[in-house]
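User: Hi! I'd like to talk through this model with you, starting with the ligand. Could you walk me through it?

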Amino acid sequence: MERLVRDCFRNGGYVFAERPEEIAKRHGISRVARLASNENPDPPSAATLGCGIAALHQANRYPDERVDVLVAALKRHFGEYPFVTGVGMDGVIETLFRTLVDCGDTVAIATPTFSFYSLAAVAQGATVVPVQRRDDFSIDPKKLSAAGKDAKVVVLCSPNNPTGNATPVDAVEEVLCAISGVLFLDCAYVEFSDIDYLPLLKRYDNLVIGRTFSKVHSLAGLRIGYAFVPAWLQPYYLRAGTPFSVNNVSAAVAAAALFDTEHAERYRAQVSRWRERFRSEVKYPVLPSDANFVMVDVSPSSGDAVAGGLAANGVIVRSCRSFPGLADHYIRVSVGEDWENERFIQAINNL
Ligand SMILES: *Cc1c(COP(=O)(O)O)cnc(C)c1O
């Protein structure tokens, strides 16, 4: 019966991090350092979680389809922008593509980068055009604009996963001016940088900025993403989306987390401190990063070999081999708790 499955799902798919329980069992290690998924290692505060408990008591009811509690919190925090929400930013990307991308349309993606854009675009029947970044992983705005000239959507991740570098505002603006479609700017890690793209929203009606509660806000498990969208797009996004996608527990917890500045600040400080320590103490070149992870050039070893060696020492990192357009000698390492980061430095330097 498999012949019934669409061709686009026959191979590939999302590459998940190895499970900590399996690594622990395989290598006989009791506590594993989890540095592969760019999560905030601190759980949400008790006060933030308390808002979810109240919402849980309403689980018999469908959630608010407009997600008012979260949208109101976003407006209080950022100002009066048109917002949309989704099941993680991945859910936002999927719904955005469903809204805009027809079979045969083009989606241009600055590469190497996060893999889900391509998976979501292909699922819409789109033609994906990867646009290779420069050797230092910066984008060439002219090249991206030319390749994305007639694309429905151009995708740019900044700070970029897995390379860690951010794209300057003027380069983003150059692309916005040159393309005829929408620029989807993935800002999953923007809280760890000093860059601010929001002023561009007032001047361009083809800019969508995606953000998530999964990283700085410690809510990866509750699946909440959002985006700043142009006003014209918002009603169509709501029409294209799955009804009742964001549940009421996630919405209530996210609304509270947005104002838990102490929680976010603590991790931001942790990230700045450890990005520096990784750069000065790891024996391999560590690339500059504006995110809560760093990419490490482990050549002449391969990313897989080093990730495997680290796993044997109880440290899970991401080998970057599965990122198309990237050489196979990189790993990506998240900033975790102190003991995890210490163990990583010690383990990699002893390989
Ligand atoms: C983590 C991540 C996301 C999505 O996160 P969600 O958990 O789906 O909100 C989106 N883009 C990039 C680049 C990411 O690294």
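Analyst: Happy to. A polar side-chain atom of Arg 223 sits 2.7 Å from an oxygen atom of the ligand. Please keep in mind that this is a predicted model.

User: How much of the ligand's accessible area does the protein cover?

Analyst: The protein covers 94% of the 390 Å² of accessible area that the ligand has on its own.

User: And what about the side chains of Asn 161 and Ser 214, how far are their N or O atoms from a ligand oxygen?

Analyst: For Asn 161, a side-chain N or O atom is 2.9 Å from an oxygen atom of the ligand. For Ser 214, the distance from a side-chain N or O atom to a ligand oxygen is 2.6 Å.

User: Which residues around the ligand come nearest?

Analyst: There are 14 residues around the ligand, and Met 89, Asp 186, Tyr 189, Thr 212 and Lys 215 come nearest.

User: How do β3 and β4 run, parallel or antiparallel?

Analyst: Parallel: 6 bridges join β3 to β4 (residues 127-132). Thr 106 has Thr 127 in β4 as its bridge partner, and Ala 110 is partnered with Val 131 in β4.

User: What's the peptide bond like going from Thr 111 to Pro 112?

Analyst: That bond is cis, with omega near 0 degrees. Pro 112 belongs to the loop between β3 and α5 (116-123).

User: What does its side chain make a polar contact with?

Analyst: The side chain of Arg 211 makes a polar contact with the side chain of Glu 191, at 3.2 Å. Leaving aside neighbours within four places in sequence, the contacts of Arg 211 include Phe 78, Met 89, Gly 225 and Phe 228.

User: Where is Val 229?

Analyst: Val 229 is in the loop between β8 (225-228) and α9 (234-240). At 4% relative accessibility, Val 229 counts as buried.

User: What does Val 229 touch, beyond residues up to four places away in sequence?

Analyst: Pro 82, Val 84, Leu 207, Val 208 and Gln 234. Val 84 is 145 residues from Val 229 in sequence, yet their C-alpha atoms are 7.0 Å apart in space.

User: Now the sheet of 3 strands. What's the order there?

Analyst: That open sheet has the order β9-β12-β11, and the pairing is antiparallel. The edge strands are β9 (293-297) and β11 (318-319), each pairing on one side only. 2 bridges join β11 to β12 (residues 330-334), and Arg 318 stands opposite Arg 332 in β12.

User: Which helix lies across β11 and β12?

Analyst: Helix α12 (residues 303-312) does, at about 40 degrees to β12. Its buried residues include Val 306, Ala 307 and Leu 310. The buried residues of α12 pack against α1 (20-27), β10 (315-316), β11, β12 and α13 (338-349).

User: What is the peptide bond from Ser 299 to Pro 300?

Analyst: It is cis, with omega near 10 degrees. Pro 300 is in the loop between β9 and α12.

User: Last one: which residues have a positive phi although they aren't glycine?

Analyst: Among them are Asn 38, at about 60 degrees, and Phe 244, at about 55 degrees. Asn 38 is in the loop between β1 (33-34) and α2 (46-56), and is buried with a relative accessible area of 1%. Phe 244 is in the loop between α9 and α10 (248-257), and counts as partly exposed at 37% relative accessibility.

Notes
Residues numbered from 1 in each chain as written. Predicted model: local features only at pLDDT ≥ 70, side-chain atom pairs only at ≥ 80, totals over all residues. Heavy atoms only, no water. Pairing = 2+ DSSP bridges. Helix = DSSP H or I, 4+ residues; strand = E, 2+ residues; numbered from the N terminus. Contact = heavy atoms within 4.5 Å. Axes fitted to C-alpha atoms, helices over the stretch in contact; angles between N-to-C directions. Near = heavy atom within 4 Å. Polar contact = N/O pair within 3.5 Å; in protein donor to acceptor, adjacent residues only side chain to side chain. Areas by Shrake-Rupley, 256 points an atom, 1.4 Å probe, with all protein chains shown as cover. Buried < 20%, exposed > 50% of the residue type's maximum accessible area, 1.4 Å probe, protein only.
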